[in-house]
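Here is a short briefing for a first look at this structure. Please keep the sequence and the 3D view open while reading.

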Amino acid sequence: MSDASVKPEQATLSTSAHEIEANAQLLEALTLHSGDIISLLDEQGKLLYNSPATIRINGFTPGELANIDTFAMIHPDDRATVGEVFQKVLREPGAVHTVQYRYKTKDGRWLWMEAIASNQLDNPSVRGVVANCRDISERVAADQERARMQAQLLHMQKLESLGVLAGGIAHDFNNLLMVMLGEADLLVQGESDQTVQDAAVRIRNAAERASELTQLLLAYAGKGRIDIAPTELVDLIEGMRPLLGATAGKKNSLSFELDVKNAWVKADARQLRQVILNMIQNASESATRPLRIGLRVFQASLDADAIADLIVADKLTPGRYWGLEVRDDGDGLPDGIADRVFDPFFSTKQTGRGLGLAAVCGIVKAHRAGLRMTDCAAGGTTFTVYFPETEAPRPQRPAKVNRTGPVGASRVLVVDDDSAAAETTARILARVGLSAHTAPSGEEALRRLQELGEQYDLVILDMIMPGMDGSLTFRRLRELQPELPILFCSGFDDDIAQQCLGERKTAFLHKPFHSGRLLARVRELCDDSVSPSL
């Protein structure tokens, strides 16, 4: 048959058949290579069709998913949400709705999926609900990590701002308490009336208790005085057993797991004891029923991911650590409480209490250690502190300190911007026969030495002052009188003092202080045979 004998309508039909075949091949290629799963469902959610992308995404072949209820493959926690969206799709033909959910894979994992669905049940060429389903697991994981990092950043910013507030309050209170303690000491020593002496002792005791509170505030702020030294964790805990048992309470049982050796860390033993006591006390007060409380010391290796998950992890690097863990089998933390347990004065027990965990957080920060809190779904809470491992110290011969002999100085200059604290310090020194003078600033202290030519055997120097701070004042004083003994005083564990304490004839005295501690430091500092410890 020649080409001329082909009728026009036959040519049209032939062309249409070719187009249909080409379109069918194109559709098959699109569904085969699509990054999304293209599904067709009936009004009950039964799968009528799945594109081959199911093999790559969830491991099932299209045949394995044919005619199954898709809701059976959705995570139980997400079924209600998906069901609500599916009902909207059915009620609004042609409208497009999106929903995210977890879908079970052939190997039992859960993938985060996003479905974009449209009701095409009334479309005679479709007769179903069309859904494009995309694997968004990586996106969800990135969003969760971003949210976690943002929450951690906000938490650290909150701790920092509260720490600044707590540190400022504690600094001012320490100056006031120093006056109370010093004046009470002077009354006890100089008053013959027993009634007045008894009153002074009560004032002193109350001021000491208030001082303990300021120390906790400073610990929370990371500004508490820290005397870092190699400390063996197990020995320290063994020495605390009776106290820890009393803190846990008679109704609770306290167990120890201390079967490790040479658990040496660099820490302030006094503050480390406070951390342990506060964590035990927090556990003992966390429930009304008897609890089992466990204290454990163990070795741990922390990588970058583990460090990133810690609540406190300032300047930590991957490596070997000693873990100090306190756990209980209580009821765990109520919903919405986990982000607030380290806030000062927040408590689930009694209003106005709860500074213990806030102090733990601050002490851990100041020690450059790590802190993790784990709230178990089955009940109970675990707090773990991680200290970098260190070597055992070499034995040293203790220095001999003369604590009872002459003070060793005759003229003393007290430099402090708080006039009441300066006057009280001067009165204590005058009681033992010293000529004590005061200066309200570093500038005034330098004027006395430089312009007036005054000479002093000792300067007691406050570190936190407006204008010229303690560090700059110290440098200028040493330029004028290189061998001048300097006793630094502060209620903070500030870096200013740390930069100066390596110099000869320097020592540190923490505010507030008793008259006895002040005079002992002066004796140590003015004794050339002694290198005063902090």
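Is the crossing of α8 and α9 right-handed or left-handed? The crossing is right-handed. A crossing is right-handed if the near helix is turned clockwise from the far one by less than a right angle, and left-handed if anticlockwise. This is a predicted model, where local features need pLDDT of at least 70, side-chain atom pairs count only at pLDDT 80 or more, and totals for chains, interfaces and linings use all residues. Residues are numbered from 1 along each chain as its sequence is written, and side-chain values use heavy atoms, with hydrogens and water left out.

**Helix pair α8 and α9**

- Helix α8 covers residues 241-248 and helix α9 covers residues 269-284. Helices (H or I, at least four residues) and strands (E, at least two) are DSSP runs, numbered from the N terminus.
- Their axes come within 8 Å and cross at roughly 25°. Axes are lines fitted to C-alpha atoms, for helices over the stretch in contact, and angles run from 0 to 180 degrees between N-to-C directions.
- The two helices α8 and α9 are therefore roughly parallel to each other (angles under 35 degrees).
- From α8, the contact uses L243, L244, T247 and A248. From α9, I276, L277, I280, Q281 and S284 take part. Contact means heavy atoms within 4.5 Å.
- By class, six of these contact residues are nonpolar, three are polar and none is charged. Ala, Val, Leu, Ile, Met, Phe, Trp, Tyr, Cys and Pro count as nonpolar, Asp, Glu, Lys and Arg as charged, and the others, Gly among them, as polar.

**Helix pair α13 and α14**

- Helix α13 (residues 442-450) packs with helix α14 (residues 470-480) at an angle of about 5°, their axes 10 Å apart.
- α13 and α14 are therefore roughly parallel to each other.
- G442, L446, L449 and Q450 of α13 meet T473, R476, L477 and L480 of α14.
- This contact of α13 with α14 has four nonpolar, three polar and one charged residues.
- L472 lies in helix α14.
- L472 counts as partly exposed, at 37% relative accessibility. Buried means under 20% relative accessible area, exposed over 50%, partly exposed in between (1.4 Å probe, protein chains only).

**Nonpolar cores**

- The largest nonpolar core has 38 residues. A core is a set of buried Ala, Val, Leu, Ile, Met, Phe, Trp, Tyr and Cys residues joined through side-chain atoms within 4.5 Å.
- I237, I276, L295, V297, L324 and V385 have the most contacts inside this core.
- Helix α9 gives the largest share of this core, seven residues.
- Leaving aside neighbours within four places in sequence, V385 is in contact with residues including V275, M279, W322 and V364.
- A second, separate core has 25 residues, among them F60, F71, M73 and C133.

**A buried threonine**

- T425 sits in helix α12 (residues 419-431).
- T425 counts as buried, at 3% relative accessibility.
- Not counting residues up to four places away in sequence, T425 touches M178, V414, I460, F513 and L518.

**Backbone points in loops**

- The peptide bond from K511 to P512 is cis, with omega near -10°. P512 is in the loop between β17 (506-510) and α16 (515-526).
- R127 is not a glycine, yet has a positive phi of about 55°. R127 lies in the loop between β4 (110-120) and β5 (128-135).
- R368 also has a positive phi, near 55°. R368 is in the loop between α11 (355-366) and β11 (370-375).

Note on methods:
Parallel < 35°, antiparallel > 145°, perpendicular 65-115°, else oblique.
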